[in-house]
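The sequence and the model come first, and the text follows.

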Amino acid sequence: MKYTKLTFMLSVLGIVIYITDLIVDIWVSVRFFYEGQNVFGILTVSFMLFGTLVVQCFSYSWFKADLKKAGQESQCCFLLLHCLQGGVFTRYWFALKNGYHVAFKNSKTANFTEEQIDSHKEVIDRMTDLSMLRLFETYLEGCPQLVLQLYTFLELGQANFSQYAAILVSCCAISWSTVAYQVALRKSLPDKNLLNGFCPKFTYLFYKLFTLLSWKLSIVLLLFLDVKIALFLLLFLWFLGILWAFKKQTQFCASVSMEFLYRVVVGFILTFTFFNIKGQNTKCPMFCYYIVRVLATVGILVVFWVSPVSIFNSDYFMSISITIALTLVLGIIFLIVYYGTFHPNRNEETKPDEIDGKTTKRDCRMKYFLME
């Protein structure tokens, strides 16, 4: 697999989106505190800290594992960088530095030597690690952040520029990290078919984006109805996701403590979207997952319609209800099209969907990670 100039430019775009998302989140939190909305400001900062702390833990554990595999001792500077929340930036620095050399310096040769192939593989693996960390942060911080911004927008009936920017950037970050993760993951594993072409990528993007948007708007409506019920539902779904991860006995981390943290993160991700967490056929689990999602969404809409609580006028709520229903239907349609037409493994018979219990030739932690 070759790390091209286009791939390098997309990697640069990835860090631009990451920095923009970070700046906008800080801007929104400051704005909340400035306007006296301390609860929203504290929640915004809490989501940011929760996401980045988990990401730094995984990043540092991978640095230690890589150094140990290379026969080197763990360096204190890496620990300090991660304590200062600079682990992702450190990884981007090394990945882009090596990626530029590989993409621009070594691209003139037509035939690659074994050493050049190894350098391409090393850069791809570095970018894949980054895509995994960005996926973690997107769902741990970006998804709750988007729910919060939508809630404040609907509660106030208007939004300032920072909130519009936060909603837009969060949608871009979620979309980008999800697709980039899927593409990078398949590149890093030699026995996986690649997700090639614009149609498969955009179909996968719209499937995730529409189903996520529908569910988040449904959560926002439930928050307006009763905050306690909404939090109970989310915590219950999170608990079910954790139980599912334990039942499937994921094997992503070397240590027991990090594996436990990984399963907690997997459960949180499953609260918002479906991922295959074990090497098996996922038709039945996915079917059950989205049946429950549809029933939950319809139930929330029905309860909100019959509830005597009136938070916004009927015309305003009508548009929100139509948006929820339409995005859910579109998301399911794109899901069917993706798995029926564009999925890389659609022509392979009786083969497990992807990942966890399956051994690959390359010694790569990605073979134990989430996949579609």
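A residue counts as buried under 20% relative accessible area, as exposed over 50%, and as partly exposed in between, with a 1.4 Å probe and protein chains only. The model is predicted: local features need pLDDT of at least 70, side-chain atom pairs count only at pLDDT 80 or more, and totals for chains, interfaces and linings use all residues. Residues are numbered from 1 along each chain as its sequence is written, and side-chain values use heavy atoms, leaving out hydrogens and water.

**Two loop residues**

Helices (H or I, at least four residues) and strands (E, at least two) are DSSP runs, numbered from the N terminus. Q249 sits in the loop between α8 (227-248) and α9 (256-272), and Q85 in the loop between α3 (76-83) and α4. Neither is a glycine, yet each has a positive phi.

| Residue | Phi | Relative accessible area |
|---|---|---|
| Q249 | about 55° | 53%, exposed |
| Q85 | near 65° | 25%, partly exposed |

**Helices α2 and α4**

Two packed helices are described by the angle between their axes and the distance between the axes. Axes are lines fitted to C-alpha atoms, for helices over the stretch in contact, and angles run from 0 to 180 degrees between N-to-C directions. The axes of α2 (residues 38-69) and α4 (residues 87-105) come within 9 Å and cross at roughly 50°. That makes α2 oblique to α4, since angles under 35 degrees count as roughly parallel, over 145 as roughly antiparallel, 65 to 115 as roughly perpendicular and the rest as oblique. V55, Q56, S59, W62 and F63 of α2 meet G87, V88, T90 and R91 of α4, where contact means heavy atoms within 4.5 Å.

**The nonpolar core**

A nonpolar core is a set of buried Ala, Val, Leu, Ile, Met, Phe, Trp, Tyr and Cys residues joined through side-chain atoms within 4.5 Å. The largest one has 86 residues, and Y3, F58, Y92, F136, Y139, L221 and F272 touch the most other members. Helix α5 (residues 114-156) gives the most to this core, with 18 residues. Beyond its neighbours within four places in sequence, Y3 is in contact with residues including F8, G99, H120 and M127.

**Spans from the record**

UniProt, in an unreviewed entry, places the feature "transmembrane region" at several spans, among them 164-184 and 204-224; such annotations may be inferred rather than shown by experiment. Residues 164-184 are 100% helix and 0% strand, with end C-alpha atoms 30 Å apart. Residues 204-224 are 100% helix and 0% strand, and their end C-alpha atoms lie 31 Å apart.
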